[in-house]
Amino acid sequence: NTLQKVANELAVQNSTNVGLREEVAERKRKLEAARKKYTQVELKLREEFANLDSMEKKTNELHNIHNEEMERLKRGQKEVADLKDLMFRHNQELFQLRTGERDLIAEIAGGQSQNKNLSLNISQLDAQVVRQQELLYNSEFQLQQLERKVARAGGDRSDEEKRLLNAKIEILATQLEDRTAE
């Protein structure tokens, strides 16, 4: 259950990282587009520089354009730095999650090994119980046999044996009476 939770968190973190990487790539594309535009504007400025009437106008316009582009460049650099920082934090978090995952995998492997050992012990104990039950059954059977022998020696007979003996007694008694009557 904990492994599943960590795996889910790892999947969420991975998808977040993919999104952040795409966002960084998109911002890099924007920065590159801004640089291209800057290059185009710079070329345009050079073309227009030739067309401007006075050197003062050219200087002021160039200075203003330069300041605007520097501001855009600073914003782009700050955005890239912020994204790098965010990506660094997410990488650290991902590293911690992977470390936790490794620990959980090791813990699970230990639990499985312990489970295997306990299952083996249970199997051995089950076999031992079966052997002991067989011995107990044999002992009880031998005890019953001995009790029957002792009872037989003491004169106890089964109902069938009593019936047969009584029948013999009657036959012998009849024979005795017949002989004594003769």
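A salt bridge here is a side-chain nitrogen of Lys or Arg within 4 Å of a carboxyl oxygen of Asp or Glu. Keep that cut-off in mind as you move through this predicted model.

**First stop: helix α1.** Select Arg29 and Glu26: their closest N and O atoms are 2.7 Å apart, and the two form a salt bridge. Arg29 and Glu26 are three residues apart in helix α1, so about one helical turn separates them. Glu26 is partly exposed, at a relative accessible area of 34%.

**Across to α2.** Now pick Arg27 and Glu79, whose side chains meet in a salt bridge at 2.9 Å, N to O. Because Glu79 lies in helix α2 and Arg27 in helix α1, the pair ties together parts that are 52 residues apart in sequence.

**Into the pocket.** Which helix gives the most to the lining? That is α2, with five residues. By type, the lining holds three nonpolar, one polar and five charged residues.

Select Glu160 and Arg163, a salt bridge with closest N and O atoms 2.5 Å apart. Glu160 is partly exposed at 43%, and Arg163 is partly exposed at 49%.

**Last stop: the surface.** Show Leu3, Ile105 and Ile108, which form a nonpolar patch with about 220 Å² of accessible area together. Leu3 sits in helix α1.

Definitions and conventions. Residues numbered from 1 in each chain as written. Predicted model: local features only at pLDDT ≥ 70, side-chain atom pairs only at ≥ 80, totals over all residues. Heavy atoms only, no water. Helix = DSSP H or I, 4+ residues; strand = E, 2+ residues; numbered from the N terminus. Nonpolar A, V, L, I, M, F, W, Y, C, P; charged D, E, K, R; others polar. Patch = residues over 30% accessible without salt bridge, like charges linked within 9 Å, V, L, I, M, F, W, Y side chains within 5 Å. Areas by Shrake-Rupley, 256 points an atom, 1.4 Å probe, with all protein chains shown as cover. Buried < 20%, exposed > 50% of the residue type's maximum accessible area, 1.4 Å probe, protein only.
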